[in-house]
Amino acid sequence: MSDRETTRVFVDCDPGIDDAVALAYLAARPEVEILGVGAVFGNNTVAVTAQNALRLLELYGRPEVPVAVGAERPLVQAPRLAEHVHGGNGLGDVELPDPKGEPVAESAAELLVRLARENPGELDVLAVGPLTNVALAIGLEPRLPQLVRRLVVMGGAVEVAGNVGSHAEANIVNDPEAAEAVFAAGFDLDLVALDITMKTVATAEWLDRLKEVPGDRAERTSAFLDFYAEFYKGIFGLRQCAMHDPLAAAVLADPHLVTEAFEAPVRVELTGTLTRGMTVADRRPRPRTDERRACRVVTSVSEDAFLDLMLDALR
Ligand code: BDR
Ligand code: CA
C-alpha cells in the first residue's frame, strides 16, 4: 500500500468537532475517494450527526458523497451524548448552512456492506465514533473483515488513562459490546487510541497559524476548534486540543506518519464494575490462549509532519 495510491474510504463518524477535521483532512486529498459516510450517535444524536456530516461534506467540497444514517443507540446500553465537549449542535455551536443534500435510504451498515462487496479488498474504513454501525455491518455480512482492506479505529485507552472514565475512552465505552465484536472479527486493524491522540495536539501556535489561513473552510474549522480548545483547556491547562479523529484519518491516508506501534490482540472489558469499556491489550510475547488477530496499536507519529498536513488540508 503506497501512500499516494488512490485510496477508497468509508468513514463512519459522529460529527463532532474532531470528526469534522478528520473529514476535512480526507476531503482535501485528491487521491482519497470517499465512497460513503455513515453517521452514528455519539457526540450528538444520529439525526444531528447525519445532518452535520452532510453540512461538512458540502463545506469541504465533497457534496456528492452519500451519507447514510446509522445507529441511534448502542447495542445494549442507553446512549450518552457529549454536548459539553462538542456544543449543542455537535460543531461547537458554530452555525453552518442547512445541507442541500439528504441522507440516502440505506442504513450506514447497509451502505458499508454494499461498498465492501463492490470493492472487495480495496475499501479502507475509518471509524471515529462508537463502533455500533461497524458491528451491525458484520452482522449483515460476516465476511466484512475479509472484504475490507483495512480498518482504522479511533478509540480506546490501552496503556493510558481514559477520558470518560478512569479506564474508558468515549468511542469504546459508548458501545462496548459493539467494540468487542469489531475487535473480535479479524480485521486488519490499526488502533489510534488516547495513547497517541492525547499527545498529538493542536497547540496554541498551530491554532493561530490556522487563523491566518484564508477561506470559509479554514475559518469555520478554526471556529469549531476554538470551542474544542476551550473544553480542552480544562484538561491540559493550556489553549490546545487533542486531535483524535484527524490523527486517525492521517494514519489511514498517510501511513508513513506512524513511527512506532505494537501488535497485540485487544479485548474490551464488558463486565468490570470499574473498568467497563476498557481496552485490554494482551502484550505477552506469545499469548497462547488467544486466537484473536492482533491489531496495531499506534504509539508514536511524526507530529510536526501531521500538523503541517492538517494545515495544508485547510488551505
Ligand atoms: C473520541 O470521542 C469523541 O468525542 C471524539 O469525536 C473522538 O472520536 C475521543 O475520545
Ligand atoms: Ca468522533
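A polar contact is a pair of N or O atoms within 3.5 Å; within protein, one must be able to donate a hydrogen and the other to accept it, and residues adjacent in sequence count only if both atoms are side-chain atoms. The structure is a predicted model, in which local features need pLDDT of at least 70 and side-chain atom pairs count only at pLDDT 80 or more, while totals for chains, interfaces and linings use all residues. Residues are numbered from 1 along each chain as its sequence is written, chains are lettered from A and ligands numbered from 1 in the order in which they are written, and side-chain values use heavy atoms, with hydrogens and water left out.

An oxygen atom of ligand 1 lies 3.0 Å from a polar side-chain atom of Asp-19. For Glu-169, a side-chain N or O atom is 2.4 Å from an oxygen atom of the ligand, and for Asp-245 a polar side-chain atom is 2.6 Å from a ligand oxygen. On its own, ligand 1 has 280 Å² of accessible area (Shrake-Rupley method, 1.4 Å probe), and the protein covers 95% of that area. Elements giving two or more residues to the shell are helix 1 (17–27), helix 7 (170–173) and helix 12 (244–253); helices (H or I, at least four residues) and strands (E, at least two) are DSSP runs, numbered from the N terminus.

The residues around the ligand (those with a heavy atom within 4 Å of it) include Asp-18, Asn-43, His-86, Met-154 and His-244. By class, this shell has 3 nonpolar, 5 polar and 4 charged residues, where Ala, Val, Leu, Ile, Met, Phe, Trp, Tyr, Cys and Pro count as nonpolar, Asp, Glu, Lys and Arg as charged, and the others, Gly among them, as polar.

Next comes the space itself. On a 1 Å grid over the protein atoms alone, a cavity is a set of points where a 1.4 Å probe fits but cannot get out, and a pocket is an open set with protein on both sides within 12 Å along at least five of seven lines; lining residues have an atom within 4 Å of a point. Ligand 1 sits in the largest pocket, meaning that more than half of its atoms lie within 2 Å of the grid points. This pocket has a volume of about 430 Å³. Its lining comprises 29 residues, with Val-85, His-86, Asn-163, Val-164 and Ala-170 nearest the centre. Helix 11 gives the most to this lining, with 4 residues.

The largest cavity has a volume of about 50 Å³. Among the residues lining this cavity are Phe-183, Phe-187, Val-266 and Arg-293, and the lining divides into 6 nonpolar, 1 polar and 1 charged.

Two backbone details complete the picture. Pro-15 and Gly-16 are joined by a cis peptide bond, with omega about -10°, and Gly-16 belongs to the loop between strand 1 (7–13) and helix 1. Asp-93, although not a glycine, has a positive phi of about 60°.

Terms used: Grid points are joined across faces, edges and corners, and a volume is the space filled by probe spheres set on the points.
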